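Have the sequence and the model open as you read.

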Amino acid sequence: MAGSVEPTPPAPEPPPSGPRIGVLAIQGDFASHARALHRLGAVAVEVRRPEQLADLAGLVIPGGESTTITMGLEAYGLEQPVRDFVAAGRPVLGTCAGLIVLDRAHLGLMDVLARRNAFGRQVRSFEADVAVRGLGDEPLRAVFIRAPWIEDAGDGVEVLAEIDGHPIVARERNMLVAAFHPELTDDLRLHALFLAMTRDRREVEA
Ligand code: GLN
C-alpha cells in the first residue's frame, strides 16, 4: 500500500557466546533453568543421552520428582556418565530434587544425605529470604516446593545457607546444591555462582 511503512523487525538477539551448559531434561523444571542460563549468556543444552555430555562445561540437575529423575538416569544409561562427568571435575548444580539425586542414597556423588519433603508434606510450598554465603549482603528470595534439606553433611561439604539450622545450600568441590528453585525468580545469583565455577575450571584447563 502506498505510504505504508514496513515495521522495523526487532534486532535479532546475538547468539549467546558463553559456556555450553547441559540441563538434565528427563523430568522437572529444566526449561526454566535453560532460560535462566540463557539470560546469563550461557548456551543451555537439554541433556537426555550420554553423548550429549561430551562438550559441556557444566550440568544442571533440576527440581522435579527425584524418584522419576533417578529412574530416568538409569533408563537412559546416564548414571555412570554423570558420575564420570563429576569425577572429571566438571561443575554440577543440583536444585531441589537435583540435590536429592546427588546425595549418598542416590548417585552417591555428594557427601550429604538429603531428607525429602523435609519441611512437611502439608507445607508444600513457601518462599523465604535466605542469606547465602558468597552471594553478597542481599538475601536471596528462595522458592521452596516440597523441598528437602540436608540432614547430614560430611567434612568436605561447605554449608552456604541454612533455615532453622538445616543446611539448604551447600558446595563440595565442583558440586553446588540448593534445596529451593533458583530458576523461578529473577535473582540469578546462584546460577551466576555456578557459571563462575565453570569459568574457574576452564581457566585452570586453559
Ligand atoms: N519432593 C520432591 C522429591 O522428593 C522434590 C521437590 C522439588 O524438586 N521441587 O523429589
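## Overall build

Of the 206 residues of the protein chain, 40% count as buried; a residue is buried if 20 or more other C-beta atoms lie within 10 Å of its own, exposed if 12 or fewer, and partly exposed in between, with C-beta atoms placed from the backbone. Keep in mind that this is a predicted model, so local features need pLDDT of at least 70 and side-chain atom pairs count only at pLDDT 80 or more, while totals for chains, interfaces and linings use all residues. Residues are numbered from 1 along each chain as its sequence is written.

The secondary structure of the chain comes to five helices and eleven strands. Helices (H or I, at least four residues) and strands (E, at least two) are DSSP runs, numbered from the N terminus. The radius of gyration of the protein chain is 18 Å, close to the 17 Å that the globule rule gives for 206 residues, so the chain is as compact as a globular protein of that length. That radius is taken over C-alpha atoms, and the globule rule is 2.2 Å times the number of residues to the power 0.38. The C-alpha trace spans about 70 × 35 × 35 Å along its principal axes.

As for contacts, two residues make one if their C-beta atoms, placed from the backbone, lie within 7 Å. Of the contacts in the protein chain with a separation of 6 or more, 67% are between residues 24 or more positions apart.

β3 pairs in the parallel sense with strand β1 (residues 20-24) over three bridges, and V60 in β3 is the bridge partner of V23. β3 also pairs with β4 in the parallel sense, over three bridges; here L59 has V92 in β4 as its bridge partner. β4 in turn pairs with β11 in the parallel sense over four bridges, with G94 standing opposite V177 in β11.

In soluble globular proteins, nonpolar side chains tend to be buried together. The largest nonpolar core here holds 58 residues, and L102 and A179 touch the most other members. A nonpolar core is a set of buried Ala, Val, Leu, Ile, Met, Phe, Trp, Tyr and Cys residues joined through C-beta atoms within 7 Å. Not counting residues up to four places away in sequence, L102 touches I61, V92, G94, L107, L109, M110, M175 and V177.

L99 is found in helix α4 (residues 97-102). Is L99 buried or exposed? With 31 C-beta neighbours inside 10 Å, L99 counts as buried. Leaving aside neighbours within four places in sequence, L99 is in contact with G94, A114, P148, V177, A178 and A179.

A153 lies in strand β8 (residues 149-153). A153 is partly exposed, with 17 other C-beta atoms within 10 Å. Outside the four places either side in sequence, A153 is in contact with D111, V112, V159, P167 and A170.

Most residues other than glycine have a negative phi, and most peptide bonds are trans.

## Around the ligand

Which residues are around the ligand? They are G63, G64, E65, S66, C96, A97, I100, R116, N117, I145 and R146. A residue is near a molecule if its C-beta atom, placed from the backbone, lies within 6 Å of it. This shell divides into four nonpolar, four polar and three charged residues.

How values were computed:
Ala, Val, Leu, Ile, Met, Phe, Trp, Tyr, Cys and Pro count as nonpolar, Asp, Glu, Lys and Arg as charged, and the others, Gly among them, as polar. Two strands pair if DSSP finds at least two bridges between them.
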